[in-house]
Amino acid sequence: MKFIKGLNIVRFPSRWIFFRFDDRLLLISIGALVGSCSGLAALALNRGLIAMFEMLGHYRHLWWAFIMPGIGAALSSLFLEKIIKEGAGHGVPEVLYSVSRYGGLMRFRSSFSRLISSCLTIGSGGSAGPEAPVVMSGAAIGSNIAQLFSLNDRQRVALVGCGTAGAVAAIFNAPIAGLVFTIEVIIGEWSALNIVPIAVASVFGAQVSRLLQGNQIAFTHLQFNIDPGDTIACLGLAVVTALVSILLTRALRLSYRGARHIHLPIWVKAAIGGCLVGGIGFFLPDVLGEGYHSIQAMVEGTFSNGLLFVALLVLAKILATSFTLGWGGSGGIFAPCLVIGSFTGLMYHRFIEMLWPGIAWVNEGCFALLGMAGLISGILQAPLTGMFLIVEITGGYEVILPLILVSAISTTLCHSFEPASFYMKDLVEKGHFLRPRTDARVLADLSVSELVEKDCIIVTKEMKLGDFVKIMQKSHRNFFPVEDENSREFLGLIHLDDIREYLFDPLFYETVFLEQIMDTQVRTVGLDDDLSAILDRMDAGNLFSMPVVANNQFVGMISKATLLDKYRNELIVQTNH
Amino acid sequence: METRLLHIFRNTPIGREVLLQSMYFCKSIGVHPVIYIPEFIKFLMYFEKDVVQIDLDDSYLIAPETASAHAVEIVRSQGLPEPNFIEPKNFTASTLPDIPVNFDFMCCPRTISDLSSKIGLGYIGPRVRRIVHSAKFPVLIVGTIYKPWKSIGVMFGGSANAINAFRLGVRISRLSGLPMNVYTQLGKHSPDYYKDIIQKNDLTWDMEQYVRNWEFFDSGEFSVNLYKVPHDALVVIGAYGHGVIKEMLFGSTMEKVQSILPNNLLIVGPKYQAAM
């Protein structure tokens, strides 16, 4: 009995006296746990990828090696569709969707499924990154821990953020990038309530990474002496990275759409996509896998290929990523963005060197870094993430000035052509991207059934005007729904403004029936209709209220006044957090 | 506000029987049916604090071109108005629709994820259990042959969920006009203990008004005593309890009832809030 009582206490930590004092303490404590768990998940994927590369590395030079990414992608797809039954996707849009629509509720299976599937895809040579899978995994860990401790929606969303931050911090050994990415991309709300636990989770995620694989930065830190001329040249790089970002975004979408029109089993499509990647990789091995070894060479300035070859690599990596992800492989676009970005930076450096050979430009490694920031900022439309990630994974602040310029300009240009980022585009198009405290979010959190006003007096079509006048005197409303007496079917509406001419002439009282004067062309709304669509209809028809009808029966009225009242209450609830 | 029942339709003979039973329930207590004809093999139900993925048995996707017409035909055969069909608006992934959960009842067979050959006494599928655990609505679990019921039987063991089950039984008895019986297996407590619980919950009037017979099983095994429950009764029972351990278990009484009674079951979960 004592054991069960003890379990009950553990299950509901929000009831502890210590946490009742301030629930931020609760979020910080559980956030640390979530950050550590998601950090471990990220490391597990990292180790899995290393093992896969080592295992398959011996066969890469063989002629049949091109089918390896195909087999990996097919196994990954079969695993997700047949074993885990999850439904494919990148991961990050699913996390955004869950945060926007369902207070961060995520399935338990999501906490491990993408780790395994992306390990199969990337480890076999598919062109994708492990970051989106670890983001999904970390977010699902946070969500499920929140469910275990019976936390509310707001706390659950914060823990989803903690999971994301811990995972990103661990995989890049970059705690600030983890925090910034989570707030900028996933949560979209810069409030202390979110930032503090997410920062703590980020620290714990990074710490787990440092404990288990040492405090290493992803790429070697080099000193760059940047002149004003280099900074000016970066403006051109920002334009180029923006264009490449748009090209990558569109290529990915085109590839998705193309694959959707091919009527083959999903694992066959993944296998075809993988084999195409393998084919490209056979001639250009730099496009295979996550591709961090190429970035290392470019940052160090040891990547010796010429301008045209690097331009070819940019296109090849874009194609390989589109075939991998668009055709059913599992993984994210973070790592491909970094690789394409560094190729773009290098390409740009070679180009300006060719144009102005007399100028002493900064080392090409610096442009590779800036290119990475430009691509990340452009694709994600998250400039802060781009800046902090590059600063942390290269371990130096020397490039911060051009970094800010490239990130800011690339984001702005991409936004002009693609108003929503790659992660958010589908959600925005379907109306599922609901940031906290926005009009769409407040309306989405309300439902028609909450707003229905039921104090209407229902009348029948056979009623005489005289009888109606007596009823009308008892009501404070201008609207009277008309129903069929037997079937209770909604027939129309009497609006006092429309029948005023009859009301003041007693001659009509015994001769006019409501059927003759009711409005039968009434625009109605249903219980499941979206409030934003209802408001649009009200605005279009210059209406202040509309009848709610379900199964041809009158339910009540919905009015702008009540909507405004509830809207305000909901907004207060959301802003008081 | 109208009360609504969610039904996941399977366009097979067994699906027909389940829908017939479901529509009989709707007709007897005036509930409007809302039918979902699955287009994909899986869907999600987002409850307040849990998300449940339902991986359907393949037979749910059989003959989609006739599914809607068959469903309407069955609904009309019970004299009910045209049903509403769910068209999913939200998708977690392109092949993973989210089904709304704002219903008053849901009807399903004993298992919806496993092959229909598994449907039988003593087995309630894991997804159905998850729904019962997380939903605010009670779940009507029906047999494989349509059989109208003639009375309501409530299993009352004195717990909070049993109180909810009793309240629901009263509501159904009141709306359908069918007589109601209550069954209690006496363990270490006397009948007065249970009567006291009813009194403390202000249910004495309902007990007198709607309950035809309150049967106390004072001797013998509960499983043996269940023989006294009429074959044509709708059995209302609570599942899962409150507390860490009880929230994980379906409940020993519930397990016995579902293993022994072939009757249609209306199961009240821990999140259900009774309306009289």
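Welcome to this structure. In chain A, helix H6 (residues 113-123) packs against helix H7 (residues 131-148) at an angle of about 165°, and their axes are 8 Å apart. Please keep in mind as you look around that this is a predicted model. The tour below starts with that helix pair, turns to a second pair in chain A, and then visits a sheet in chain B and the domains of both chains.

**Helices H6 and H7 of chain A**
- Angles over 145 degrees count as roughly antiparallel, and H6(A) and H7(A) are therefore roughly antiparallel to each other.
- The crossing in which H6(A) passes H7(A) is left-handed.
- On the H6(A) side you will find A:Arg114, A:Leu115 and A:Ser118, which meet A:Pro133, A:Met136 and A:Ser137 of H7(A).
- Sorted by class, this contact of H6(A) with H7(A) holds 3 nonpolar, 2 polar and 1 charged residues.

**Helices H14 and H15 of chain A**
- Further along chain A, helix H14 (residues 307-326) and helix H15 (residues 334-355) cross at roughly 160°, and their axes come within 9 Å.
- That angle makes H14(A) roughly antiparallel to H15(A).
- H14(A) passes H15(A) in a left-handed crossing.
- From H14(A), the residues making the contact include A:Leu307, A:Val310, A:Leu313, A:Lys317 and A:Thr321.
- From H15(A), the contact residues include A:Pro336, A:Phe343, A:Met347, A:Arg350 and A:Met354.
- By class, the contact of H14(A) with H15(A) divides into 14 nonpolar, 2 polar and 2 charged residues.

**A sheet in chain B and the helices on it**
- Chain B has an open sheet of 4 strands in the order E4-E3-E7-E6, with mixed pairing.
- Strand E4 (51-55) and strand E6 (90-93) of chain B stand at the edges with a single partner strand each, so one side of each has no neighbour in the sheet.
- From one strand to the next, the twist averages 35°.
- E6(B) pairs with strand E7 (residues 96-99) of chain B in the antiparallel sense, over 3 bridges.
- To see one of these pairings up close, look at B:Phe91, whose bridge partner in E7(B) is B:Pro97.
- A helix from chain A joins in here: helix H5 (residues 92-102) of chain A packs on the sheet and touches strand E3 (42-46), E4 and E6 of chain B.
- The direction of H5 of chain A makes about 145° with that of E6(B).
- Helix H3 (residues 126-134) of chain B lies across E3 and E4 of chain B, and runs at about 155° to E4(B).

**Domains of chain B**
- The domain assignment divides chain B into domain 1 (4-141) and domain 2 (151-268).
- The C-alpha centres of domain 1 of chain B and domain 2 of chain B lie 25 Å apart.
- Their contact takes 14 residues from domain 1 of chain B and 15 residues from domain 2 of chain B.
- On the side of domain 1 of chain B that touches domain 2 of chain B, helix H1 (13-29), H3 and strand E9 (139-141) of chain B each supply at least two residues.
- The residues on that side of domain 1 of chain B divide into 8 nonpolar, 5 polar and 1 charged.

**Domains of chain A**
- For chain A, the domain assignment gives domain 1 (13-213), domain 2 (228-432) and domain 3 (443-575).
- Between domain 2 of chain A and domain 3 of chain A, the C-alpha centres lie 56 Å apart.

Key:
Residues numbered from 1 in each chain as written. Chains lettered and ligands numbered in written order. Predicted model: local features only at pLDDT ≥ 70, side-chain atom pairs only at ≥ 80, totals over all residues. Domains from an automatic or database assignment. Axes fitted to C-alpha atoms, helices over the stretch in contact; angles between N-to-C directions. Parallel < 35°, antiparallel > 145°, perpendicular 65-115°, else oblique. Left-handed = near helix turned anticlockwise from the far one by under 90°. Contact = placed C-beta atoms within 7 Å. Nonpolar A, V, L, I, M, F, W, Y, C, P; charged D, E, K, R; others polar. Pairing = 2+ DSSP bridges.
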